[in-house]
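Dear colleague,

I am passing on the structure we discussed, with some notes on its charged side chains. Please read them with the coordinates open.

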Amino acid sequence: MRTVATGLLVAAAIVYLCTLHRGGGWGYVNATAEASMVGAIADWFAVTALFRHPLHLPIPHTALIPTRKNMLARSLQDFVTENFLSEDVVRTRVADAQVTRRLGEWLAIPEHAARVVAEASSLLRMGLEKIRDEDVDDVVRLELLPRLAEEPLAPLLGQLLGDIVDDGAHHGLVDLALDEADRWLSGNEQAFSEAIRTRAPWWTPTWLDDQVASRIHHEVLAWIREVRGDADHRARRAVDDLLAQLAGDLREDPEVQARAERVKARLLSQPQVADTAVSLWRALSRTLHTTLADPDSPLRARVEHRLQQLAAQLREDPDLRHRWDTHAADLAAFIVGRYGDELTTVITDTIERWDGQEAANRIELFVGRDLQFIRINGTLVGGLAGLVIYTVAALL
């Protein structure tokens, strides 16, 4: 395009020379060619002045991009920040995009849900492979256990235990313990009786020991079943009162807190604690890695099923979509508001690292083709303007 524009200037110059000092109608052609040259040269100067000094002459206000690229970069950064990364613009755009509806429609396709699970499984496996047992051991021994030893846990445990008792969350554990005790006693009467007989005096008859052991077994089993069947049994209330008292002491009693801290210190000082933690992590890591690598594992199947359930909810529940869209818009607005300026600094940082002439060359290669049309239009419009002026002058 630069060659075309320059060719028009050369053509106008040739026509001008060929029609110079000719009369009649050639005068109109000569005036047109002369004005075309003026327009072409003026627009050549304007276009060239953006990228370099015309004819390498240091004319003021030329080579604008090489000399003022940093200011242009900051202006571009401000423009992008104000018009594209403002909180209102981003919030509106995310809300109008109906992200959750599209997500629900996309996840509703089984192949897409399977793909999400497969990609997530691959990422998790890669993450697990990067975590070495030595790193976990260092974290447990050098970071976790020392911090637990320094941190007073008694008030926290007291608060946690108090909340558990207030919510009745421990009742399920009590029921489980009673069920297991009933099951064991029902199926192990002989073992229970033998344990009782070992505590009997040596001088008591065997038949008496058997009667006593059988009676104790019967009474203990009956009492456990009685507690199991009565949700308001006094034994259950006693457990509640005991746990509530312990929770209060852990929160407020300095002596109980000191004993709890001493127990914690003795427990954490045992080498087996760190070894057990690392062993648990190793077993969990191997299990997760094996499960995630198996496309037919129950875990991946359940996750895929849950994703499809979520997709159905997103498609059928407009209130859920509205809530999620609002959360997504709020999150995007928060990110833009908090980090928008840092994101757009990529523009200035990148352009400032460019050499001035390199920046001019990059931009000229990108928009230069369109800029050459300015020269072409200047040549044609200048010629028409010269023709009109010459015609008016001749008529006057």
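What follows is a short account of the salt bridges.

This is a predicted model, in which local features need pLDDT of at least 70 and side-chain atom pairs count only at pLDDT 80 or more, while totals for chains, interfaces and linings use all residues. Residues are numbered from 1 along each chain as its sequence is written, and side-chain values use heavy atoms, with hydrogens and water left out.

The structure holds 18 salt bridges, each being a side-chain nitrogen of Lys or Arg within 4 Å of a carboxyl oxygen of Asp or Glu. One of them joins Arg-52 to Glu-364, at 2.6 Å from N to O. This pair links distant parts of the chain, 312 residues apart, with Arg-52 in the loop between α2 (26-51) and α3 (64-83) and Glu-364 in helix α17 (residues 356-395); helices here are DSSP runs of H or I, at least four residues, numbered from the N terminus. Arg-52 is partly exposed at 27% relative accessibility, whereas Glu-364 is buried at 11% (buried means under 20% relative accessible area, exposed over 50%, partly exposed in between, with a 1.4 Å probe and protein chains only).

Asp-330 and Arg-91 also form a salt bridge, their closest N and O atoms being 2.3 Å apart. Here helix α16 (residues 318-353), which holds Asp-330, is linked to helix α4 (residues 87-97), which holds Arg-91, across 239 residues.

Within helix α9 (residues 171-187), Glu-180 and Arg-183 are three residues apart and therefore separated by about one helical turn; their side chains meet in a salt bridge of 2.8 Å, N to O.

Best regards

Conventions:
Helix = DSSP H or I, 4+ residues; strand = E, 2+ residues; numbered from the N terminus.
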